[in-house]
Amino acid sequence: PDVQRAFIAQLAATGIVKDAARHVGRSIEALYKLRQRPGAEGFRQAWDAALDRSMTRLEDTALARALQGEERPVFARGELIGTTRHFNDALVMFFLRSRLPQRYGAIAQALAPGDPAYEALKADLRAQWEEEVAEARRSPENRAANEAFFTALKARWRREWESEAEPRAAALPRTHP
């Protein structure tokens, strides 16, 4: 039990099973076998809780880096002359999207093809669009515009056909009965 408690404490502190196993002088394999044994439910729950705690610490650390940036040394000619602060925009966007999805777009990412909400929205928008197209086709203005367009197109084609037909008729040999 003392070794298990020391392992769990180290796992909660580091979040790394290998480091916690080394800390207590046990192999990873032995600890995973212990975790799976009947009667080890308490150890398994403590292990999971330790990992949850380490994930919370990781999230806190990442959030601090996103908000405060990271200080990096600046060297010139091999000498430290100062520091600069760098901010990770990808990390900032990760936190904004995960913590405020309604504002920063994670909801839009969830709506992807295959998702039932996406497919329902797509079907609704398609039905609206098809109704608008059908309504436009039924309108008298549209019908009149279409008839005028096709009448003009027909007249143009007839003129082209007739202008092409005249040279063909002239080239035909004349026969008299």
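I started where α1 stops: G15 follows the helix, and its phi is positive, near 80 degrees. Before going on, I noted that this is a predicted model, so local features need pLDDT of at least 70 and side-chain atom pairs count only at pLDDT 80 or more, while totals for chains, interfaces and linings use all residues. Residues are numbered from 1 along each chain as its sequence is written, and side-chain values use heavy atoms, with hydrogens and water left out.

**Helix α1**

My helices are DSSP runs of H or I with at least four residues (strands would be E, at least two), numbered from the N terminus. I checked the length of α1, residues 2–14. The expected span is 1.5 Å times one less than the number of residues. For the 13 residues of α1 that gives 18 Å, and the end C-alpha atoms are 18 Å apart, which agrees.

Which residues of α1 are buried? I found F7, I8, L11 and A12. Buried means under 20% relative accessible area, exposed over 50%, and partly exposed in between (1.4 Å probe, protein chains only). The four cover an arc of only 130 degrees around the axis, so they sit on the same side of α1. That arc is taken from the directions from the helix axis to the C-beta atoms.

The buried residues of α1 pack against α2 (17–24), α3 (28–36) and α4 (41–68), where contact means heavy atoms within 4.5 Å. From α4 I picked S54. S54 counts as buried because its relative accessibility is 6%. Leaving out residues up to four places away in sequence, S54 touches L11, A12, T14 and G15.

**Helix α3**

In α3 the buried residues are L31, L34 and R35. They fall within an arc of 105 degrees seen down the axis of α3, so they line one face of the helix. The face turned away from that buried side carries the exposed E29, K33 and Q36. The buried residues of α3 pack against α1, α2 and α4.

**Rings and core**

How many aromatic pairs does the structure hold? I got six. Rings of Phe, Tyr and Trp (its six-membered ring) pair if their centres lie within 6.5 Å; planes under 30 degrees apart are stacked, over 60 edge-to-face, and the rest tilted. Y32 and W47 have ring centres 4.9 Å apart and planes at 50 degrees, so this pair is tilted. The pair links distant parts of the chain, with Y32 in α3 and W47 in α4, 15 residues apart.

Is W47 buried or exposed? W47 is buried, because its relative accessible area is 2%, whereas Y32 is partly exposed at 38%. F7, Y32, F43 and W47 form one aromatic cluster.

Next I looked at the largest nonpolar core, which has 14 residues. Such a core is a set of buried Ala, Val, Leu, Ile, Met, Phe, Trp, Tyr and Cys residues joined through side-chain atoms within 4.5 Å. Those with the most contacts inside it are F7, I8, L11, L31, F43 and W47. Each of α1, α2, α3 and α4 supplies at least two residues of this core.
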